[in-house]
Amino acid sequence: KKLKEEGLFDESRKRPINLFPKAIGVITAPNSAAIKDILFNLKRRYPIADIYVFYSAVQGDNAAKELLNAFNIAQTYPLDTLLIGRGGGASEDLSAFNDETLVRALATSKMPIIACVGHEIDSTLVDFVADKRASTPTGAAELATVDQREILEHLSFSLQEMEESIRGRVEELKEEVSSYKEDLNQSILNIS
């Protein structure tokens, strides 16, 4: 309630996510299903982005401090987006993501943050302070990027439009040249 009253959760402070990132940061536990899902989906959807991983404990007595440390390190990198999260668990397992110091730090992030803590039914303070919330780590990877297949479709469509436009312009120029040719021939006949 205190953080909400301070405006840390206000929609007006939420930033848009750059869907064409050069660099994405991920804060989560090493060797977890979450990091495997995130990395797999980021590479599948948008393989040209650099991905920086900042490992941290995500539950236990030191998790909040480790998450804060990983966040502070991530702030020194030129990231377009930062994902922070873990897979689901009991509410006490997610308690590090309710740490006031961590939440306040995330509110000062240089880059937009996507929270992906737990599953659809789970909710933490990190979710409220983040610029976007994903219900799963896989969902965070999807929110962080545009799918390369969409880019390829768009490029293919744009190429077709360009080809049609060029063909149309070439036809116009042919007609124009033909008209000039007729005018020139007529002028030559008039001179003779």
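First, the ground rules. The model is predicted, so local features need pLDDT of at least 70 and side-chain atom pairs count only at pLDDT 80 or more, while totals for chains, interfaces and linings use all residues. Residues are numbered from 1 along each chain as its sequence is written, and side-chain values use heavy atoms, with hydrogens and water left out.

I will start with Asp147. It sits in the loop between helix 6 and helix 7. Helices here are DSSP runs of H or I with at least four residues, strands are runs of E with at least two, and both are numbered from the N terminus. Is Asp147 buried or exposed? Asp147 is buried, at a relative accessible area of 5%. The cut-offs are under 20% for buried, over 50% for exposed, and partly exposed in between, with a 1.4 Å probe and protein chains only.

Which residue pairs with Asp147 at 3.9 Å? That is Arg44, and the distance is between the closest N and O atoms of this salt bridge. A salt bridge means a side-chain nitrogen of Lys or Arg within 4 Å of a carboxyl oxygen of Asp or Glu. Arg44 is in helix 2 and Asp147 in the loop between helix 6 (137–144) and helix 7 (148–191), so the pair ties together parts that are 103 residues apart in sequence. Arg44 counts as partly exposed, at 29% relative accessibility.

Asp147 also meets Arg45 in a salt bridge, at 3.7 Å from N to O. This pair links distant parts of the chain too, since Arg45 is in helix 2 and the two residues are 102 apart. Both Arg45 and Asp147 are buried. As a general point, side chains of opposite charge can pair when their charged atoms come close.

One more distance for Asp147: Leu19 is 128 residues away in sequence, yet the two C-alpha atoms are 9.0 Å apart in space.

How many salt bridges does the structure hold? It holds 10. Another of them joins Lys174 and Glu171, at 3.6 Å from N to O. Those two residues both lie in helix 7, 3 residues apart, which is about one turn of the helix. Glu171 is partly exposed, at 42%. There is also a network of salt bridges linking Lys2, Glu6, Glu100 and Arg104.

Next, the surface. Leu159, Met162, Ile166 and Val170 make a nonpolar patch of about 380 Å². Patch residues have over 30% relative accessible area and no salt bridge; like charges are joined within 9 Å, and nonpolar side chains (Val, Leu, Ile, Met, Phe, Trp, Tyr) within 5 Å. Accessible areas come from the Shrake-Rupley method with a 1.4 Å probe, and for residues only the protein chains shown count as cover. Val170 is in helix 7 and is partly exposed, at 38%.

Now the helix pair. The axes of helix 2 and helix 6 come within 8 Å and cross at roughly 30°. Axes are lines fitted to C-alpha atoms, for helices over the stretch in contact, and angles run from 0 to 180 degrees between N-to-C directions. Helix 2 and helix 6 are therefore roughly parallel, a label for angles under 35 degrees.

Last, Asn31. Its phi is near 55°, a positive value in a residue other than glycine. Most residues other than glycine have a negative phi. Asn31 lies in the loop between strand 1 (23–28) and helix 2 (33–45), and at 70% relative accessibility it is exposed.

Terms used: Parallel < 35°, antiparallel > 145°, perpendicular 65-115°, else oblique.
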